[in-house]
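Please consult the sequence and the three-dimensional structure shown here alongside this briefing.

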Amino acid sequence: MKRVVYSMEPVGRTGGRVYLRMLHEATADDVEWRTVPDHKRTYRVRRWRKLRHLARLAPTVRALNDASGTFVWDDLSLLLFTPEMRARTVFLLHHYEPLQHDSAPVEAMLWERLFRVLPQCAAVVCVAPYWADFLRARGVRDVRVIYNAFDMTEVERARGFDRAECRAEFGLPSDVIGVYAGKAVHWKGIEKVSAALADAPGLRVITSGSNTIGFDGAHYDVERERYLRLLCACDVGVFLPRMQEGWSRCAAEALLLGLPCLIRPVAGLGDLAALTGQPAPDLCRLPTQVRERVEARQNEAKAAYEALAGFDLNYFGNAWGDLLAEVA
């Protein structure tokens, strides 16, 4: 008989939603997942959306109080749980970034309250050691690290794409270096990368995602298959976020597909950079660094790939399966 686990609905394209969908899929043989709506993702106006979300979700959470089963939660609505509900909850923290607060100044107070109640949970999971240390410093003792995982069958297939065909598909001539800078969304540093490389001949900055910043360069909002082909077409990755990320899926996937990278070692990205041996970008000499990293492609690609390949679906399913069995 499958154990019952409740979570937020894994709808959306952020790294956190991808992680949650992968968790549902990796444990589907043993877990009956029941979900509740993530209202905050339905509001077009960002201001106060988390408070509106909490108000709409309150009756749903109250109704779950008497439900049997456990919870995997990654939302501020943990504050609406009773202590008994938290005692059978695994809380999942991807990252904490005040730049993303849409309900300031109230939201900051809610997060501080959340950190204080996390010790009531059965366990807390983070996606990088940085965030585990962050929570331990706030008194949360039972913290586990379960990294982002990757479908290595998909990765191997993508590594076999014909690179010349991929470059032609995205209009990259042989004498142009494709610089993948990640998602064109706020606080990812796209503008700084673009400005630093604007006057450098033979370099083209390429981005993906929903383009919330209005980036007017080579941007592609494409489905998964074409996104992997886009990575295959590029030569190097540059990741320069202002925000404190979890463990960037974009950067990790670029490395898995053979792109040497320059990674600003902030928060979880620092853990990823250290694990895979990627240096930090220097805006003052970024064009030179990019060309140096392209030259390093063949020598370093294998080591970075091997450092990440162990985080496959078996690793992920086993780590989460063991934890959910323990909590149950």
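The model is predicted. Helix α10 is largely enclosed by the rest of the structure, because eight of its eight residues are buried. Helix α13 gives the most to the lining of the second largest pocket, and the largest share of the lining of the largest cavity also comes from α13.

**Helix α10**

- Helix α10 spans residues 249-256, and its buried residues are Arg249, Cys250, Ala251, Ala252, Glu253, Ala254, Leu255 and Leu256.
- At the start of the helix, a side-chain oxygen of Ser248 comes to within 3.5 Å of the backbone nitrogen of Cys250.
- Just after α10, Gly258 adopts a positive phi of about 95°.

**Second largest pocket**

- The volume of the second largest pocket is about 190 Å³.
- Its lining consists of Ala158, Arg159, Phe161, Arg163, Cys232, Leu257, Gly258, Arg297, Gln298, Ala301 and Lys302.
- Two or more residues of this lining are given by each of α6 (152-159) and α13 (297-309).
- With four residues, α13 makes the greatest contribution to the pocket lining.

**Largest cavity**

- One cavity of 30 Å³ or more is counted, and the largest cavity has a volume of about 40 Å³.
- Leu255, Gly258, Leu259, Pro260, Gln278, Arg297, Glu300, Ala301 and Ala304 line the largest cavity.
- Helix α13 supplies four residues of the cavity lining.

**Glu97**

- Glu97 is located in the loop between β4 (89-93) and α4 (106-117).
- Although buried, Glu97 has no salt bridge; the nearest side chain of opposite charge belongs to Arg242, 7.6 Å away.
- The side chain of Glu97 reaches the backbone nitrogen of Leu99 at a distance of 2.9 Å.
- Apart from neighbours within four places in sequence, Glu97 is in contact with Arg242, Met243 and Gln244.

**Arg88**

- Arg88 counts as buried because its relative accessibility is 14%, under the 20% cut-off.
- A polar contact of 2.8 Å links the side chain of Arg88 to the side chain of Glu84.
- When residues up to four places away in sequence are not counted, Arg88 touches Leu64, Asn65, Ala67, Ser68, Gly69, Thr70, Phe71 and Val327.
- Arg88 and Val72 are 16 residues apart along the chain, and their C-alpha atoms are separated by 8.8 Å.

**Asp74**

- Asp74 is positioned in the loop between β3 (70-73) and α3.
- With a relative accessible area of 16%, Asp74 is buried.
- The side chains of Asp74 and Arg17 are joined by a polar contact of 2.4 Å.
- Leaving out neighbours within four places in sequence, the residues in contact with Asp74 are Met8, Arg17, Leu20, Phe91, Leu92 and His94.

How values were computed
Residues are numbered from 1 along each chain as its sequence is written. This is a predicted model: local features need pLDDT of at least 70, side-chain atom pairs count only at pLDDT 80 or more; totals for chains, interfaces and linings use all residues. Side-chain values use heavy atoms; hydrogens and water are left out. Buried means under 20% relative accessible area, exposed over 50%, partly exposed in between (1.4 Å probe, protein chains only). Lys and Arg count as positive and Asp and Glu as negative; His and the chain ends are not counted. A salt bridge is a side-chain nitrogen of Lys or Arg within 4 Å of a carboxyl oxygen of Asp or Glu. A polar contact is a pair of N or O atoms within 3.5 Å; within protein, one must be able to donate a hydrogen and the other to accept it, and residues adjacent in sequence count only if both atoms are side-chain atoms. Contact means heavy atoms within 4.5 Å. On a 1 Å grid over the protein atoms alone, a cavity is a set of points where a 1.4 Å probe fits but cannot get out, and a pocket is an open set with protein on both sides within 12 Å along at least five of seven lines; lining residues have an atom within 4 Å of a point. Grid points are joined across faces, edges and corners, and a volume is the space filled by probe spheres set on the points.
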